[in-house]
Amino acid sequence: MNPPVYRDTDLVLSAESVTKSFDGFKAINDLNFYLGEGELRTVIGPNGAGKSTFMDLITGRTRPDEGTIVMHQADGHDIDLTRLQEYQVNRLGISRKFQTPSVYGNHTVFDNLLLSLNRSRGVMKSLFYKMTAGDREEIEEVLETIRLADRKDDEAGFLSHGQKQWLEIGMLLAQKPRILLVDEPAAGMSDEETERTGELLLSLEGKQSIVVVEHDMEFIRQIARRVTVLHQGHVLKEGSFESVSKDPKVIEVYLGRQKHDDAA
Ligand code: ADP
Ligand code: MG
């Protein structure tokens, strides 16, 4: 159904023939999905399409009934993610940002990033850890990327909702993931914050592979490269924003539904 569009060597993740049922209902139904190295991919689809479940499957939170989800290592090794625990998948460099931000409100923005940089070092080590000049540089770089350099000494609890989301993305970036999964980052944001979030995600393109799940069409339009439309747990359409948004099937199941929702 969905032939890979990349040479195998360019792929970082391949999911093939993946199915997942909950009480007989197929939340994911024969899904094929291929992600390129450094690619910024958007996945859209109406509520219940299976977007979050797909992320659960990639990260080892949920196991598929059928199918394979493989991460392609830089050295040519393939790793079957469906056999791993969540923490093992994370250790391979797959980080997930959930919808609600979870930052340490009574620590400064800078310290939040430092803590997350240290997480890979283990608790004991990080308790006695002395920050190096290199660490400081890395954190400063992340602060620039997430545009919170001028807030670095403020307690994270004082940030706006949008700024907290950026900080959390920064905390994931500090761990240098190979694949970053972001679930509805623009939810609850002002228009201006949404646009800045889009700019942030675009600035990461090429540095790591990113999958952004969203149902806000305007936001998708801003950051769209290759767009995957999910419907009833299956890929309905994949392509440019233009080709996807013109597709009659997509308009029917997704845009049509959104218009309906807006009117309600
Ligand atoms: P989306 O993120 O696209 O809105 P979800 O992946 O959250 O969709 O849900 C897809 C479908 O699977 C929905 O019908 C949802 O009710 C169902 N579902 C998801 N997780 C579970 C679960 N743990 N148990 C039962 N049903 C679930
Ligand atoms: Mg969801």
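A residue is called buried under 20% relative accessible area, exposed over 50%, and partly exposed in between. K237, with a relative accessible area of 24%, is therefore partly exposed. Please bear in mind that this is a predicted model.

Let us stay with K237. Its partner in a salt bridge is D247, and the closest N and O atoms are 3.6 Å apart. K237 belongs to strand β10, whereas D247 sits in the loop between α9 and α10, so that distant parts of the chain, 10 residues apart, are linked.

How many salt bridges does a search of the whole structure find? The search finds 19. I shall present two further pairs.

In one, the side chains of E86 and R61 meet, with an N to O distance of 3.3 Å. E86 lies in helix α2 and R61 in the loop between α1 and β4, so this pair ties together parts 25 residues apart in sequence. Both residues are partly exposed: E86 at 34% and R61 at 48%.

In the other, E205 pairs with R225, and the closest N and O atoms are 2.9 Å apart. E205 lies in the loop between α7 and β8, and R225 in the loop between α8 and β9, 20 residues apart. Here too the residues are partly exposed, E205 at 30% and R225 at 40%.

Finally, there is a network: E39, R41, R226 and E238 are joined by salt bridges that share partners. Thank you for your attention.

How values were computed. Residues numbered from 1 in each chain as written. Chains lettered and ligands numbered in written order. Predicted model: local features only at pLDDT ≥ 70, side-chain atom pairs only at ≥ 80, totals over all residues. Heavy atoms only, no water. Salt bridge = Lys/Arg side-chain N within 4 Å of Asp/Glu carboxyl O. Helix = DSSP H or I, 4+ residues; strand = E, 2+ residues; numbered from the N terminus. Buried < 20%, exposed > 50% of the residue type's maximum accessible area, 1.4 Å probe, protein only.
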